Amino acid sequence: MVAQLRGKLVGARVNRSDPSGEIKAAIRQSLVGLFGDSDFDFFNYLSALKARNEVAVVLFVGPNGAGKTTTIAKIADSLGKRGFSCVISASDTFRKAAIEQASLHGEKLGVRVVKQTYGSDPTAVAFDAIAHAKASRSDVVLIDTAGRQETNANLVREMEKMARVLHPHLKLFVGEAVAGNALAEQAASFNKAISLDGIVLTKMDCDAKGGGAFSIAFETKLPIVFVGIGQEYGDIRPFDAEWFVGNVMAA
Ligand SMILES: Nc1nc2c(ncn2[C@@H]2O[C@H](COP(=O)(O)OP(=O)(O)OP(=O)(O)O)[C@@H](O)[C@H]2O)c(=O)[nH]1
Ligand SMILES: [Mg+2]
């Protein structure tokens with residue numbers, strides 16, 4: 001960023017009495033530039049699949065407690081409001097009460113949750129969910145998965161299997177903004193394992209400075225698809241780099 005700014009500002013014509021306007025604009029532009037081509041639109045993408053009568057399969061992965069299940073519930077709610085029908089695959093068959101947690105969201109949202117017993121193969125559960133979605137002419141399958149750390153070889157292998165066998169249209173990494181620098185490293189290693197398509201950054205409401213967003217975008221070059229800004233179903237927004245940088249600079 002410093003190199004970029006130097007390139008932009010050294011030799012530039014600025015207002016001598018108050019160069020801060022030009023400098024701020026250059027900083028703003030550089031910060032927005034860190035997010036690269038981040039105009040991926042989740043709902044447009046799903047609309048295109050729906051138009052082809054193709055069931056969209058979206059896999060959510062990430063570290064423990066990052067907000068995967070909550071994000072899926074929020075997205076299911078947003079999808080319903082936009083006229084998409086969806087199915088949730090309770091593919092976290094590992095953590096205690098994970099299946100009940102997904103089922104409870106399903107009941108509240110009126111969304112079918114496909115589940116098996118604890119210890120079942122998460123890929124098999126997702127297969128069932130996809131079959132159910134096809135049979136019931138649903139538009140989207142949202143696959144919830146167990147939280148995992150990049151250092152847990154067995155769980156990483158299990159995730160690789162899901163990605164390989166299920167061919168999801170989108171593989172989204174869910175990370176919490178409050179994880180700071182660890183976040184970018186985690187995302188990079190998940191990306192290496194299954195080649196991610198995008199990032200959901202949760203708990204932005206708890207991250208005043210927003211540094212996590214900069215480092216994850218810079219490190220992975222992946223689009224930030226959504227940000228989570230609270231615990232309610234409505235607390236999710238598509239990421240907008242201009243808006244985000246504006247907020248950070250105003251803070
Ligand atoms: N403040 C805030 N809390 C959030 C957000 N997203 C999720 N949470 C909270 O984070 C906690 C963990 O959320 P889960 O959705 O269970 O996380 P998970 O990644 O599914 O967790 P595991 O399945 O155990 O790995 C819950 O208390 C959520 O309410 C967010 O955007 N903002
Ligand atoms: Mg979960």
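Analyst: A residue counts as lining a pocket if it has an atom within 4 Å of one of the pocket's grid points. In this predicted model, 25 residues line the largest pocket, and those nearest its centre are Gly65, Ala66, Gly67, Lys68 and Thr70. The space in this pocket comes to about 440 Å³, and α4, α5 and β4 are the elements that each give two or more residues to the lining.

User: How do you know which space is taken by ligand 1?

Analyst: A molecule sits in a pocket if more than half of its atoms lie within 2 Å of the pocket's grid points, and by that test the space taken by ligand 1 is the largest pocket. Around ligand 1 there are 20 residues, with Lys68, Thr70, Arg95, Asp205 and Gln231 the closest, and α4 gives the most to this shell, with 4 residues.

User: Why is the pair formed by Asp205 and a nitrogen atom of ligand 1 called a polar contact?

Analyst: The cut-off for a pair of N or O atoms is 3.5 Å, and a polar side-chain atom of Asp205 lies 2.7 Å from a nitrogen atom of ligand 1, so the pair qualifies as a polar contact. A polar backbone atom of Gly230, 3.3 Å from a nitrogen atom of ligand 1, also falls within that limit.

Definitions and conventions: Residues are numbered from 1 along each chain as its sequence is written. Chains are lettered from A and ligands numbered from 1 in the order in which they are written. This is a predicted model: local features need pLDDT of at least 70, side-chain atom pairs count only at pLDDT 80 or more; totals for chains, interfaces and linings use all residues. Side-chain values use heavy atoms; hydrogens and water are left out. On a 1 Å grid over the protein atoms alone, a cavity is a set of points where a 1.4 Å probe fits but cannot get out, and a pocket is an open set with protein on both sides within 12 Å along at least five of seven lines; lining residues have an atom within 4 Å of a point. Grid points are joined across faces, edges and corners, and a volume is the space filled by probe spheres set on the points. A residue is near a molecule or strand if one of its heavy atoms lies within 4 Å of it. A polar contact is a pair of N or O atoms within 3.5 Å; within protein, one must be able to donate a hydrogen and the other to accept it, and residues adjacent in sequence count only if both atoms are side-chain atoms.
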